[in-house]
Structure formats: structure tokens, C-alpha cells
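Please keep the sequence and the structure in view while reading.

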Amino acid sequence: MQDMILPPDDTIVAISSGDGTAYHGIVRLSGPQAYSYCQKIFQADDGSNDFQSLTWERRIGQCFLDEDVVVTAQVYFFKSPRSYTTQDMVEFHLPGSPALLKMVLRQFLNLGARMAGPGEFTARAFYNNRIDLTQAEAVAQMINARSDDQLRAAGRLLEGKLLKNCKSLSKRIAHLLALVEADIDFSDEDIEIANHHQLTTELNSIVQEIKSLIDNSVSWQQLDHLPQVVLAGLANAGKSTLANSLLKMDRAITSSIAGTTRDLVTAPLALAQGECMLVDTAGLGEVEDPLGAQAQELSLQAVKFCDLLLFVIDASKDGWKQEINLLNELQGVAPTLIIANKMDLVTASTQGQLESIAKEFSGELFAISAKHDDNLSQLKRHIEDKLQEVPGCSSESIALTSRQRQSLEDGLARCQAALDMISSNSGFQTEFFALELRESLDYLGGISGKVTSNDVLGIIFSEFCIGK
């Protein structure tokens, strides 16, 4: 990567669309010769071939690739500095034939362009201050996103949500450092610029804010897995019927005979803003055979690691002692929504008893009839709302790369060390306190790329695909 960015003013080229045959393909150039190279193989239909004067425009015309190969293309011109890389940039939009795109690529290489390395277009955007390092990483994460949550999290990074937090924290730490350094400069005079109480209060607030930022964030790996929503309850409560109704397909066998479900039945459930993994489990309660015991163990494991538990109750029963005992056992394992199923068979007297169960367990009770699809649309919306309250499932959570998380943790450690220093009774040494604050600023600066070694930058951009 270091070698790749040494000549930042040469003109680079790469195929920027995905591998394989497609309806549409893109070849991208960036650098001082991008417009002139374009002029040598492209002729606009309107006859205007003075491309150097173009700012942001599109031209439709013909690409002359060989004596026998002429192809129609749309060409987009982005004049420096108003482009992604801040250099002159040109994009050729062509039919997505791999052979055709490679032919265009070879033409530009023969004219003198250099093949772009992995992530070199984004690297140029970073080094030319178009984007910061968190946004560069967001580009890579957006390209590699495999779920809606990852795509939205990458979008939040690209919008600069993490950068804004880090800038705010850095500004506050820098202010404290300025006070401390001024105190050092005037140490020979009887002037107290850095008040200990003021330093302690503000630094404690900064420490708590960094902790909150870390605690309320998730890793990219976490977002790679869909939130787990588990259906649990006694046998014959209607869990499988509910699963089939929510999924709008028969994934689980349903029967009036208790204990039909033995294995975990999983399937993705589409929600308004993404998906969750719906898991139907074997009925809990008393069992009479080893196979039933194994099935229950699987069910309990699923409940233990779920993001949201839907505890299904047969609302048509008279009395729910077993259900109450199970809820007692599972209380606190996961956020729980009590589902009162078979409401089409409920009498007025049992309705009040159901509501008292929900109050007893500080849970929410949602009344449905899975058999008749009553209230299921509202239940799906409620599931999505509940998942938004789960750490890591919220659409507002910041997703951190391992590098970003480590930088935040290192910055927090230095701020905590400074706070411990000023709070101790063993004497306060201003110079060491200032050193801890400077190191904290360096770590936070490393998140945006302001204080980051070339080795680290090389690793980050080498993980990009070519053409981005």
C-alpha cells in the first residue's frame, strides 16, 4: 500500500463493477491524464470532444477499441476537485461483458494509465482529505455488507456519526490539555489556571461518554448474524402454527398432539426494516422420554442465546400454573414478549387473568389468534420495535471495526489513568497528567486517520477490492 500511494499524481484505471457477466459494467480512471486518455478512444455523439472544459457532465457516444470493435458508452466526467478522489475522474458505463471491459482496460493501460491497486481510489479520497479514515472503512464495509443491518451501519459511518463523537471528545480533551499546559507554563507564579475540581469533573464526564460509546456499539461480526427471535412455551401452545403464520409458509409440522416439534425449526422472517431469524422450539415442561429431554435442552439453549423471547401461552386454558413457573425460570434470560395465543377461544373471565400474568412478570402481553391470523401484522411490527431496544439490534447502534474499538479503548484507558492520577492522594504531577491526555488525543485521532501509521493505513486499504 505504501508503494501504491507514492505516485499520487499518475493516472490509475480499474474495472469498478463486480466480477462476471452483467447488464452494466464500469471502468473508472482518476488522475491528471484521465480526460486526455478518454479523448483518445471516445467520441461523443454531439461532436463535442473538448472534454477538458467539462465539470460534471455525461456524454453518450462511441468507444473505438479496435479496428473492428466499436461500442456505445455513457461517459461521466468529474472535474477536480469536485470528484470522489478530488482528481479529474472519468467513468465509462458500458455493457457488462467481462471481455469488453478488459478490452477497455487494456486500451487505457496501453495509453499510459496504471492499474489501480486495492482501494486506491478510496485511498486517494482519504489522502486528499475528501473523507476521513472511518468513512474510508465504511466504504469497504458497505461493499462487503451481507445484511440490511450491516448496510445501514456502514451508512451511519459514512455519514460521519463516529467521527462527530470523536471530534467532540477530542475537543474537550484538548481544552483540558490547554489548561494544564498553561498551568505548567505559569508554574513559577502564584496562578492556578487548571482547577483540580474542574479537571476532575470534566474528565470524569469524558470517561463516561467514551464508555457509553463503546458499550452502546456493536462489532461488524455481530451484525453479520440476524437477530434471533425464539418461540417458546408449553407443548401445544400453538408455537408452530404461529411460526407458519408469521412466515406465511409451512415450515413446522402442526398437530393437536402435544410434542410434535422436536428439533429447532429456523427461518428468516422479513420485517419492515430488515430480517430476523425466527426459531420454533420444542415445548417445555414435563417429559417422559430421553428424546423429549434432548429436545427441551435444545430449546433452552436457543432461549439462552436469543435476542427476543416470544413466550407463547394457550389463552383458552383455565389456569396457567405451569406457564407461570416457566416464566419464573426464564425471567431475565432475554427480553420477553408474552404471546396470548388462541384468543378466538378466550372467555371474558380468562382475559383478566392473562393481563395479571403480564403485570406479574413486568412483561408485555400481546393477544393473537395464529390460526386465524388475528393481530399478526401488529405482532410483526411489535417484534421489530422490541428488537430496536436490544443492544446491537438497534438501527442507531454504531458498528465499530476492531481497529476503531481498540483505539477507543486505548483512549479511554489513558483518560482513566489521568483521572486516577488527579483523584489519588499520592500527589498530582501535572506533566504526567498532560502526557496521558496527549496520548488519549493520539488514540482518538487515530480513529479518523489524523494520527495513524502508514503500516496501519496499508493494512486497511489492502482489504478493499480493486476499483474502489
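The structure described here is a predicted model. Its sheet is open and is built from seven strands with mixed pairing, arranged in the order S3-S4-S5-S6-S2-S1-S7. The edges are held by strand S3 (42–44) and strand S7 (114–115); each has a single partner strand, so one side of each is left without a neighbour in the sheet.

Within the sheet, strand S4 (residues 56–64) and strand S5 (residues 70–78) run antiparallel to one another and are paired over nine bridges. In this pairing, arginine 58 lies opposite tyrosine 76 of S5.

## Helices on the sheet

Two helices that pack on the sheet are considered here. Helix H2 (residues 34–41) touches strand S2 (22–30), strand S6 (89–96), and also S3, S4 and S5. The direction of H2 makes about 40° with that of S6. Helix H3 (residues 98–111) is in contact with strand S1 (12–15) as well as S2, S4, S5, S6 and S7. For H3, the angle to the direction of S6 is about 150°.

## Helix H3 in detail

H3 comprises 14 residues, and the distance from its first C-alpha to its last is 20 Å, close to the 20 Å expected at 1.5 Å a residue. Its buried residues are Leu100, Leu101, Val104, Leu105, Gln107 and Phe108. Viewed down the axis of H3, these buried residues fall within an arc of 155°, so they line one face of the helix.

Ala99 and Asn110, on the other side of H3, are exposed. Just after the helix, glycine 112 adopts a positive phi of about 125°.

## Salt bridges

Side chains of opposite charge can pair when their charged atoms come close. In this model there are 14 salt bridges. One of them joins the side chains of aspartate 10 and arginine 124, with an N to O distance of 2.6 Å. Aspartate 10 belongs to the loop between helix H1 (2–5) and S1, whereas arginine 124 belongs to helix H4 (residues 120–127), so the pair ties together parts that are 114 residues apart in sequence. Aspartate 10 is partly exposed, at 23% relative accessibility, while arginine 124 is buried, at 6%. Both residues also belong to a network of salt bridges that links Asp10, Arg114, Glu120 and Arg124.

Two further pairs may be noted. Glutamate 57 and arginine 59 form a salt bridge in which the closest N and O atoms are 3.0 Å apart. Glutamate 57 counts as partly exposed at 26% relative accessibility, and arginine 59 is buried at 15%. Lysine 79 forms a salt bridge with aspartate 88, where the closest N and O atoms are 3.6 Å apart. Here lysine 79 is partly exposed, with a relative accessible area of 23%, and aspartate 88 is buried, with a value of 11%.

## Serine 16

Serine 16 is located in the loop between S1 and S2. Is this serine 16 buried or exposed? Serine 16 has a relative accessible area of 3% and is therefore buried. Leaving aside residues up to four places away in sequence, serine 16 touches Ile26, Arg28, Gly467 and Lys468.

Terms used. Residues numbered from 1 in each chain as written. Predicted model: local features only at pLDDT ≥ 70, side-chain atom pairs only at ≥ 80, totals over all residues. Heavy atoms only, no water. Pairing = 2+ DSSP bridges. Helix = DSSP H or I, 4+ residues; strand = E, 2+ residues; numbered from the N terminus. Contact = heavy atoms within 4.5 Å. Axes fitted to C-alpha atoms, helices over the stretch in contact; angles between N-to-C directions. Salt bridge = Lys/Arg side-chain N within 4 Å of Asp/Glu carboxyl O. Buried < 20%, exposed > 50% of the residue type's maximum accessible area, 1.4 Å probe, protein only. Expected span 1.5 Å × (residues − 1). Arc of directions from axis to C-beta.
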